[in-house]
Amino acid sequence: MDRPAAATRREELLTRLAQPGTWDLAVVGGGATGLGVALDAAARGFQVVLVESHDFAKGTSSRATKLVHGGVRYLAQGNIALVREALHERTTLLHNAPHLAQPLAFVMPSYKLWETPFYGVGLKMYDALAGKAGLGATEFLNRRETLERLPTARAEGLKGGVQYWDGQFDDARLALALARTAATRGALLVNYCPATRLLHENGKVTGVACQDAETGRSFEIKARCVVNATGVWVDQLRQQDGEATQHPVRPIVAPSQGVHAVVDREFLPGQHALMVPKTADGRVLFGVPWMGKVILGTTDTPRGDLAREPRPFREELEFILGESARYLSRAPRREDVRSLWVGLRPLVKPDGSDGESTKKLSREHTVLVSRSGLVTVTGGKWTTYRAMAEDVLESCFGAGLLARAPAGVTANLPLIGAPAPGATPTSISAPPGLHLYGTEAAQVGQDRELGGGLTAAMVRFAARHEYARTVEDVLARRIRLLFLDAALAAGLAEEVAAILQAETGVDPKLAAFRELAATYTDLPL
């Protein structure tokens, strides 16, 4: 039986936050990593609190390429251990949240005779590494079979192709499912409550101070262990810790920017994704069917700043459209882009690295424990969030910050909304709708549609049970319309704002969302 949705009335959350006492674990950061740590710790019986400066998954964790994957390119780099771990975690994720993460077939078209056997052999190795965790066997395709799967692939010069299997998911709703599942296990999670400083006593971290962004009310959270899981922003808290304890630290993150352009499904119809393993400059290009649209991407560009809403560079958009033109019979143009968005990856610098080349930076995660006891985790990728959480807790145990508790509790822990085994959920490639709520669909209820698959009932559910406070929370992350069609999202914003205002009684930030939505259609010149 599915667990009932927990109410997320902010007054009750803040009342719990203000209660005296000492938590076992305080997590700073509400992205995939922090939420994964909170869920794992709560499932093991620890008392857990998590604070997030903005909305859950506002940063990198809602801006992925939407792939649950083992990492084909990491296999080419010889990183067998990373691929094997990711393939194992891929299966776990698809099992625990089948309404939000599902298998997807990819086709790699070949325009040179050597490409099919070369890449096919590599993908057979990918299958072998997956073993029983495989989602389907790699197939060698002739020209006709390739065009059947990718009917809009450029036919001129096409020799054949290779089909292999990976997964796709709804990253923001998966993050929300982690948060809400952790809440059912007793964890307290509060968004829009930024950590303002670490608490120290005798050179040791003893908690974190935070402030409610809506009221300005301040809180001091005492905790036996504090985890810094703020993604590309981890160095900010690390620097503060170093200054407080007079132990200077070196930055460990070199952000990389990934740009994604969303176009209509007519450019890539069907249920297969396009994968180009090596573009003109050596990067990978994906065309992924997702929620009624197609995501084209991604880039991998070093970025020095840490903007909350990074914008694409002109050459990045040109790269995506230009490379798409080499592989699609009808290439998308600038005017076909429905939404253009950017994510920052927290790549980890090797010792002595200047972070200038993303190819030399680690895609693996790193866990550090400072002299004060601050536990920092960064790097990695969405697919391995659960394994990362286990590594974080192992570090907490090893440092003597928490009493050891058995691992593996989340390996077979269905996330909220997950249907029973054997059920056939609606494809994530389909346009958004009630199916994304899984077994909670009946609780959401039927109501008038506002547009793009969004109903008034979904907005109310977001406010009552999904921590939503603003128009952006609803249209960007509870339902993904900002990422799918920014103009449509802007057109729905006023009605969404009215429902939210009635539900929460606070300013839903309508004007701010309209400004944001405009940037998702503002293509760099």
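This is a predicted model: local features need pLDDT of at least 70, side-chain atom pairs count only at pLDDT 80 or more; totals for chains, interfaces and linings use all residues.
1. Residues are numbered from 1 along each chain as its sequence is written, and side-chain values use heavy atoms, with hydrogens and water left out.

2. Back to S18. Strand S17 (residues 365-369) is joined to S18 by five bridges and runs antiparallel to it, with Thr366 standing opposite Thr378. The hairpin of these two strands has five residues between them, and Gly373 takes a positive phi near 100 degrees there. S18 itself (residues 375-379) is mostly covered, five of its five residues being buried (under 20% relative accessible area; exposed is over 50%, partly exposed in between, with a 1.4 Å probe and protein chains only).

3. Now the nonpolar cores, meaning sets of buried Ala, Val, Leu, Ile, Met, Phe, Trp, Tyr and Cys residues joined through side-chain atoms within 4.5 Å. The largest has 73 residues, and Leu17, Leu189, Ile221 and Trp382 are among those with the most contacts inside it. Helix H2 (residues 32-43) gives the largest share of this core, eight residues. Leaving aside neighbours within four places in sequence, Leu189 is in contact (heavy atoms within 4.5 Å) with residues including Leu13, Leu35, Phe56 and Tyr467. A second, separate core of 63 residues includes Met108, Leu123, Val262 and Tyr437.

4. Helix H1 (residues 10-18) is worth a look down its axis. Its buried residues are Arg10, Leu13, Leu14 and Leu17.

5. On to the rings. The whole structure holds 14 aromatic pairs, where rings of Phe, Tyr and Trp (its six-membered ring) pair if their centres lie within 6.5 Å, and planes under 30 degrees apart count as stacked, over 60 as edge-to-face and the rest as tilted. Tyr437 and Phe461 have ring centres 5.8 Å apart and planes at 85 degrees, so they are edge-to-face. Because Tyr437 lies in the loop between H10 (385-398) and H11 (441-444) and Phe461 in H12 (residues 456-465), the pair ties together parts 24 residues apart in sequence. Tyr437 is buried, at 3% relative accessible area, and Phe461 is buried, also at 3%.

6. Phe483 and Tyr520 form another edge-to-face pair, 5.9 Å centre to centre with 80 degrees between the planes. Phe483 in H14 (residues 481-484) and Tyr520 in H16 (residues 510-520) are 37 residues apart, and both are buried. The charged end of Arg480 sits over the ring of Phe483, 4.8 Å from its centre (the rule is NZ of Lys or CZ of Arg within 6 Å of the ring centre and within 35 degrees of the ring normal).

Conventions: Helices (H or I, at least four residues) and strands (E, at least two) are DSSP runs, numbered from the N terminus. Two strands pair if DSSP finds at least two bridges between them.
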